[in-house]
Amino acid sequence: MDTIIAKIQNKDSDEAIYMKAAQILKNGGLVAFPTETVYGLGANALDEMASAKIYAAKRRPSDNPLIVHIADVADLDKLAVDIDDRVKKTVKAFWPGPLTMILKKNQCIPDSITGGLDTVAIRMPSHFVAANLIKKSKIFIAAPSANISGRPSPTRAKHVIEDMNGIIDMIIEHDEVDIGVESTIIDLSVDKPVILRPGYITKAQLEQVLGEVFVDPAIQGNIADGVIPKAPGMKYKHYAPKAKVIIVDGKDNDVIDVINCLTKDKQLEGLKVGIMTCSENMKKYKADVVFDIGSRYDEASNARTLFEALRLFDEKKVDYVYSESFPTNNVGAAVMNRLIKAAGHTILHV
């Protein structure tokens, strides 16, 4: 397949890009596009054959639900039922933006995108390209991240091209993906609101609107075999580069000493080592590749650069990655959630 790659430049020619992408989606094809979180891989959410193409392109397990993207709050009534005051308050506070809600689904939603569950994940992206594409296509777009399942999520068009060129119909390029980690997912289909995936919108922010909010204990991916996850990313290994990732956690000086020692040992074995660190410690390491994820005091910067770092280690053909742990006060909780999954829960406490 010849994949169309088209760059949005805020010019008159952009209209032709949107119309071409909209036609592909209406015809049951796949289009990758930027959102404020990561790049999404879109298909017609109400077309079972189209959504099946997403699973095939990503090599994604069929019980891993997809998120339906909308551009108009009024469309909630077409996709979900039992829309109560909690939902309305959440919409008012956080939409459009990086928040996905789990709601009881309307009968029009095919089981193929919900893993057979009676709930559906819905969000309204704030990125202008995503919003325009949904409006121009006049359909609801099911869209997981536009990467091969298990790989780091794409925050640049080049990441999508690496994974999806020749596999999908079209890639829309616009590299203003500001957040860098996927949306927060909150389950509002149950009596007590539950966070199923951390993201840019934090537990504290949600509690200002909803009161007490719980965190699902399965958020680290500890779901038993045979159980269908309610939201994307809960069950399967995600975000991993080809290298073995190990997180080293502890006091700053101890972490630096241990990582440098481990790095030296691996290099003596003839292996290539990458290190992921905060800006404050950048000059304290010696390795084949040292990636500055941003200041320890700037969790938003950590989020923006995490997946780019993991992709770079692949590009540099690194064998091992040693990473510091990072603060989790705000969006840092999402950063560490993704990093722990990338490491397969391999954490060395020192």
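In this predicted model, the sulfur of cysteine 261 has its closest cysteine sulfur in cysteine 278, at 20 Å, which is too far for a bond. Seen from cysteine 278, the closest cysteine sulfur is likewise that of cysteine 261, at 20 Å, and again too far for a bond. A disulfide would require the two sulfur atoms to lie within 2.5 Å. Accordingly, the search of the whole structure finds zero disulfides.

Are these two cysteines buried or exposed? Cysteine 261 is partly exposed, with a relative accessible area of 43%. Cysteine 278, by contrast, counts as buried, because its relative accessibility is 0%.

Let me turn to the sheet. Five strands form an open sheet, and their order is β15-β14-β16-β13-β17, with parallel pairing. At the edges are β15, residues 289-292, and β17, residues 347-349, each of which pairs on one side only. From one strand to the next, the twist averages 20 degrees.

How is β13 joined to β17? Strand β13 covers residues 244-249, and three bridges connect it to β17, the two strands running parallel. As for individual residues, aspartate 249 stands opposite histidine 349 in β17.

Which helices lie across these strands? One of them is helix α8, residues 252-268, which lies across β13, β14, β16 and β17. Here β14 comprises residues 273-277 and β16 comprises residues 320-324. Helix α8 runs at about 175 degrees to β16. Helix α10, residues 332-342, also lies across β13, β14, β16 and β17. The direction of helix α10 is at about 130 degrees to β13.

I come finally to a pair of helices. In general, two packed helices are described by the angle between their axes and the distance between the axes. Helix α1 spans residues 14-26 and helix α5 spans residues 128-137; their axes come within 9 Å and cross at roughly 60 degrees. The two helices are therefore oblique to each other, and the crossing of α1 and α5 is right-handed.

Which residues meet between α1 and α5? From α1, the contributors are Glu15, Tyr18, Met19, Ala21, Ala22, Leu25 and Lys26. They meet Phe128, Val129, Asn132, Leu133, Lys136 and Ser137 in α5.

Thank you for your attention.

Methods. Residues are numbered from 1 along each chain as its sequence is written. This is a predicted model: local features need pLDDT of at least 70, side-chain atom pairs count only at pLDDT 80 or more; totals for chains, interfaces and linings use all residues. Side-chain values use heavy atoms; hydrogens and water are left out. Buried means under 20% relative accessible area, exposed over 50%, partly exposed in between (1.4 Å probe, protein chains only). Two strands pair if DSSP finds at least two bridges between them. Helices (H or I, at least four residues) and strands (E, at least two) are DSSP runs, numbered from the N terminus. Axes are lines fitted to C-alpha atoms, for helices over the stretch in contact, and angles run from 0 to 180 degrees between N-to-C directions. Contact means heavy atoms within 4.5 Å. Angles under 35 degrees count as roughly parallel, over 145 as roughly antiparallel, 65 to 115 as roughly perpendicular and the rest as oblique. A crossing is left-handed if the near helix is turned anticlockwise from the far one by less than a right angle, and right-handed if clockwise.
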